[in-house]
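Here are some notes to read alongside the model. Please keep the structure open while going through the points.

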Amino acid sequence: VFEGRTFGQVSNLIYAKFQCTLFALEVVDKTGRTRVVMNPCRFDVPSGVAYGYMIADNAGMVAEVSRFGVPEELHALDPMDDDPAEGRPALRVQDHGNVVEDFMSSEAATDRMRRNYHFQDHPRHLLDSQPENLEKLSGHILLLGDASNAFFVETLRRKHVALKKIVILCPEWPSHETWTRLRHFPGVYFVRGDLKSRQDLVRAGVLGVDTAVIISSQRSGGAPRVSEMRGGGRLLDDDCIFAYQTIRKYSPTAKIICQLRRADNILFLTAELGREADIMVAPPFASGIVFLSAMLERLTAQCFYNRDLLNILEALVSSGSFGPEDFSGVVQPSELCSQPVPRSFEGKTYIQLYQFLISKRATLPLGLYRNSPMDDVSPKPYVITNPSPDLLIHAQDTVFALLSPESMAQVALGDIVVAVLEGDIPARAHSGHVPRSVSCLVESEGETAQTDSCSNVAWPHWNFACRFSIMDRRGIVEVTVFEGEKLTPEHFLGKVAAPLHDLLADADAEPDEV
């Protein structure tokens, strides 16, 4: 039933019908290797067996998607009944090899960096990135505790990410290998110092920091010092706790992400929990302020039971490691990002946002970060993946999404307002059965809007208007009439369709004037 549709169309259909988010597909590259590609929006789903990755409430819902459109007599052959790994090609973690040493020797790699990153052709010298004092700097990102975290910097230099200065406060200067990876990125600075020194934190610009990321200073090998184990291991995170409290004191509005090695040390970051409270409901952890090192151990353990998990994580974290040139056909791997929801969607439902982003922006939403909760769910910000379709959007919400390269090039031609005023429904439309009420579903390029139901079925008056963005003049506006408010084939009464090109020509105006 999905064959011949684009990935974006399939994802849209699955979410609307099953409330599951299809976010990735297995695609074979030019070398014959199977890769997990995030949101290949315009890619046509191939015939035969195709494996996708979904976010769902439970495995039963995934099974329903797999059976969708399959005749009842074939349900016994449901692939969900067997091990999904059977008969599938092995997925391997991408082997980057010794990328650092020959980083600039490959022209193809350099071209890819120019295309995907904020990139300088002429590498900077390390001495130019070692200022003595950045006390007056503001609006920057501050990384504390680890100078070798090149991957962290790389993710913040992707072109779809706002370009902000990055300051790294670390006890030692970066190694030659680390600097080789970073020397082509603009706005990266190193300050040598101690996380537990207020003076060093001020030199690194803590007074004007926008976002701070505090990395645990665990030594290689993982064995803690004897001094760190005193007090039951409470001192394992003393540097991170000190840095967190100092930043919170000097920059109360700064966004902070803090890594802790002991979960119960969260109690030193908040006064809102008692000693016996569950760590998992502590506001710093639930709102994403604290990252526990134990989470990596849990993910590692889960990889033994779900072999696809590692491939999904690799695709999410290093989504820029391959591009469309690695594949035959139309494959555009996407980038994981967060962005504010469009202002026009305040008060609308999540499914309307979902349909708009996937259909008009080639962007696949994964979930929401609720910055300012106005409900009884949580007093602090929280994340919700695969939200309910009827969840109302707040003005301060942020959407986590897979951003396709096509979405960066897509610009709306304008808006169109569709008014559904009244109708004339002949008796033959409902085959003698007189419905109690009728409603209309308005569709345009994947976006939908629904009228209220009207009880005057002979001559209904809806007096309804909705606005859609125009991305393609070849689109179609459809108005479908249903019995009641159930949008099912059994309740279908009739449909009218009009090409956007004809509507724009009749209006004799540019799209942004319609």
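1. Ser439 has Phe482, in strand E18, as its bridge partner. The strands concerned, E15 (residues 438-444) and E18 (residues 476-483), run antiparallel and are joined by 7 bridges. Note that this is a predicted model.

2. Which strands make up the open sheet, and in what order? There are 4 strands, ordered E16-E15-E18-E19, and the pairing is antiparallel. At the edges lie strand E16 (447-450) and strand E19 (492-499), each of which pairs on one side only. From one strand to the next, the twist averages 15°.

3. Helix H11 packs on this sheet, where H11 touches E15 and E16. The direction of H11 makes about 150° with that of E16.

4. The largest nonpolar core has 41 residues. Those that touch the most other members are Ile14, Phe23, Met38, Tyr350, Leu353, Leu364 and Leu368. Several elements each supply at least two residues of this core, among them helix H1 (7-18), strand E1 (21-28), helix H11 (350-360) and strand E11 (363-370). H11 gives the largest share, 7 residues.

5. Of its 514 residues, 45% count as buried. The accessible surface comes to about 26900 Å², and 53% of this belongs to carbon and sulfur atoms.

6. Consider contacts between residues at least 6 apart in sequence: 70% of these join residues at least 24 apart.

Notes: Residues are numbered from 1 along each chain as its sequence is written. This is a predicted model: local features need pLDDT of at least 70, side-chain atom pairs count only at pLDDT 80 or more; totals for chains, interfaces and linings use all residues. Side-chain values use heavy atoms; hydrogens and water are left out. Buried means under 20% relative accessible area, exposed over 50%, partly exposed in between (1.4 Å probe, protein chains only). Contact means heavy atoms within 4.5 Å. Accessible areas come from the Shrake-Rupley method with a 1.4 Å probe; for residues, only the protein chains shown count as cover. A nonpolar core is a set of buried Ala, Val, Leu, Ile, Met, Phe, Trp, Tyr and Cys residues joined through side-chain atoms within 4.5 Å. Two strands pair if DSSP finds at least two bridges between them. Axes are lines fitted to C-alpha atoms, for helices over the stretch in contact, and angles run from 0 to 180 degrees between N-to-C directions.
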